[in-house]
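The stops of the tour are set out below.

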Amino acid sequence: MTFTEELYIKTKPSHTIVDKHPFVSLIRKNKIAGEMYINFNKICIYEIQKVLKLNNQELLKELHRDIEIPDMYISETLNQLLIHCKKYPLESSYQFYLGLLFGGNMLKKLLPTDHDFLTYSNPKQLISKFKSYLCDNISKSQEDLFIDNVNDAYKLVEKLFDEFYNKIEKQSLNIKETSLLDVQEISSLDGGPGTYPDPDNFI
């Protein structure tokens, strides 16, 4: 078994939790959720690229993304994730670059304005190159720590997705409450029953 095969197996449970998080399903139908997802990826990859060093300069150049830093609130959890990205850039590259390489073509359909950030011209070749690089450059004594660091990052992402999901849900609830209040205020000025929608049936 190669190192990347072992890495995949031993990080799959934590990766699956993130992939199946309810926030991820919101990306398909909520523009704000999509922006949150893209922006957190951009910020993390930006920090990774500031410190990442590879022995293979060609691979480093191929993986590189041109990023305009988004305006995004940095919560304590996101700050912890950014610190993790800077402290463990190679592990974080596995997490974030491969995320784009495997999922970018699907995500570009949901988030077309970020097409250039999400997609690579040769994703299959880059996946193979990056996996080979890890197998050739991570020593046996480093493997367990590398795996632990990837799993720790996924736990932070899960916590961050909890925050994102709760924020979206809170905004949605506030919109519904505001709509209900608007109808109730207007109904007090109406011309009689049936002139305006019943508040209980409005939402």
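The model is predicted: local features need pLDDT of at least 70 and side-chain atom pairs pLDDT 80 or more, while totals for chains, interfaces and linings use all residues. Residues are numbered from 1 along each chain as its sequence is written, and side-chain values use heavy atoms, without hydrogens or water.

**The largest pocket.** Select H15, D19, Y37, L98 and G99, the closest to the pocket centre among its 28 lining residues. A pocket is an open set of points on a 1 Å grid over the protein atoms alone, where a 1.4 Å probe fits, with protein on both sides within 12 Å along at least five of seven lines; lining residues have an atom within 4 Å of a point. The volume, which is the space filled by probe spheres set on the points, is about 750 Å³. Next, colour α6 (89-110), which gives the most to this lining, with eleven residues. Helices are DSSP runs (H or I, at least four residues) numbered from the N terminus.

**The second largest pocket.** Select I32, E35, M36, N39, D71, M72, Y73, S75, L160, E163, F164 and K167, which line a pocket of about 250 Å³. Here α3 and α9 are the elements that give two or more residues.

**The helix pair.** Finally, select α3 and α5 (residues 76-87), whose axes (lines fitted to C-alpha atoms over the stretch in contact) come within 8 Å and cross at roughly 30 degrees. That makes α3 roughly parallel to α5 (angles under 35 degrees). In contact (heavy atoms within 4.5 Å), F40, I43, C44, E47, I48 and V51 of α3 meet L78, L81, L82, C85 and K86 of α5.

Terms used: Axes fitted to C-alpha atoms, helices over the stretch in contact; angles between N-to-C directions. Parallel < 35°, antiparallel > 145°, perpendicular 65-115°, else oblique.
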